Amino acid sequence: MAKMDIYVVQPGDTLDSIAEAFGVSAERLYWDNDLENPDSLVTGQTIVIAYPEQTHTVSEGDTLEGIAAFYGITVMQLLRNNPTLANDMAIYSGETLIISYPTIGRIATHGYTYTYINPVVLKKTLPSLTYLTIFNYRSTGEGEVIAFYDDTDIIRIAKQYGVVPLMMVTTLTAQGIPNMDIANNILSNIEYQERHIGNILNILHAQGYYGVNIVLNFLNKQNQELYFEFLQRIYERLHSEGYLCFVTVNTDISSTDDNIIFDRIDYSQISSWIDGIIFIHFIWGSNAGPPAPVSSAANLNAYLDYVTMVLSPDKVIAGSSIISYVWPLPYIPGTTTAYSLTINSALSLARDLKVEIQFDERSQTPFFQYSQFIFGAPIQHIA
């Protein structure tokens, strides 16, 4: 039997009919796919069918700790395999818990979050994470660090789940707007850099973070040496005090019909100064660019092919933003703005409009199109 199947919903499918066809329970499909509306699937929507290797039927008097000890696993593995436990960790007699899946190998996973994430979503996600980067601090041009919110609780909860909390260091505002002037000021002034590093260390000590994740929004071939000198300086200071140092590169990759275009940064220079480097394209609440896949597999694979030639593969982490955009058409540069939706919100929109989700093979991205009447006129959209 396959370890996992991915099924594309066809007209007339229901969760029950899919469950019956694959020999699994509809309840398991509901939880594994985080479905908000299991009674109304969307044609073209994908459903993941995962096949457990070992299960346990809960008996009277069972506890999570006792079950985990009996099977030689951790409670975190039980929570990871059984998302129904995220809310209150309660178990009931007769309930079936998944002990393990037939997986091969191990991976490290990173997540990014604001401090005000929904607690239920946080606790459901943490068992599947190795590191959690918390977006809560903004650098200033003189090396000071400004906090947006209180991050005490989220750091504490991450540690309870055995997840490494990382302090995100960036010039981004709370709305996700980067500031090139701040980055240039710090990179060009050693005094500001030393002050910045000192302030970061103070926060790491006070808040209990295990390290930093430094976001590079403006890295290019012209300024790479300045960035690399700064990274070496901060890495040496942090590692001397036992802290981790990760880097996130906000990738800028574009493509035409025949070419994938990106700056060829010499990442080999920083291989020994970082614990890992994450490549991801940050996206926010709005997008003034032309309609395009949120995350193109073709673009990312081409980028990673280059990166792994100049950087040790065990330092490389590939990231993807879990979000969607809706563009009105036709696209008019300087005028058209797309707005973001969660994946479940996009599914709800497609369901409400009774449109079919399609799939772009090159980018490996789902999309759909629809018309919406605005002031009596039909306006085309693509999501």
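These legends describe close-up views of a predicted model.

**View 1. An open sheet has five strands.** The strands follow the order β15-β18-β17-β22-β21, and their pairing is antiparallel. Strands β15 (286-287) and β21 (369-374) stand at the edges. Each has a single partner strand, so one side of each is left without a neighbour in the sheet. Strands of a sheet pair through backbone hydrogen bonds.

**View 2. Strand β21 pairs with strand β22 (residues 377-382).** Six bridges join the two strands, which run antiparallel.

**View 3. Helix α7 (residues 180-187) crosses helix α8 (residues 190-207).** The two axes come within 6 Å and cross at roughly 105 degrees. That angle makes α7 roughly perpendicular to α8. From α7, the contact uses N185, I186 and L187. From α8, Y192, Q193 and H196 take part. The contact has three nonpolar and three polar residues, with no charged ones.

**View 4. The second largest pocket has a volume of about 840 Å³.** Its lining comprises 32 residues. Closest to the pocket centre are I253, A292, P293, V294 and N299. Strands β12 (254-255), β14 (276-280), β15 and β17 each supply at least two lining residues, and so does helix α10 (297-310). Two of these strands, β15 and β17, also belong to the open sheet of five strands. By class, the pocket lining divides into 13 nonpolar, 15 polar and four charged residues.

**View 5. The largest cavity holds about 160 Å³ of space.** The whole structure has three cavities of 30 Å³ or more. Fifteen residues line the largest one. Nearest its centre lie T171, A183, V215, Y227 and F230. Helix α7, strand β10 (211-216) and helix α9 (224-240) each give two or more residues to this lining. The lining of the largest cavity has 10 nonpolar and five polar residues, and no charged ones.

**View 6. The second largest cavity holds about 60 Å³ of space.** Its lining includes L35, E36, N37, S40, L41 and Q45. N344, L347, S348 and R351 line this cavity too. The residues divide into three nonpolar, five polar and two charged.

Terms used:
Residues numbered from 1 in each chain as written. Predicted model: local features only at pLDDT ≥ 70, side-chain atom pairs only at ≥ 80, totals over all residues. Heavy atoms only, no water. Pairing = 2+ DSSP bridges. Helix = DSSP H or I, 4+ residues; strand = E, 2+ residues; numbered from the N terminus. Axes fitted to C-alpha atoms, helices over the stretch in contact; angles between N-to-C directions. Parallel < 35°, antiparallel > 145°, perpendicular 65-115°, else oblique. Contact = heavy atoms within 4.5 Å. Nonpolar A, V, L, I, M, F, W, Y, C, P; charged D, E, K, R; others polar. 1 Å grid on protein atoms, 1.4 Å probe; cavity = no way out; pocket = protein on both sides within 12 Å on 5 of 7 lines; lining within 4 Å. Points joined across faces, edges and corners; volume = space filled by probe spheres on them.
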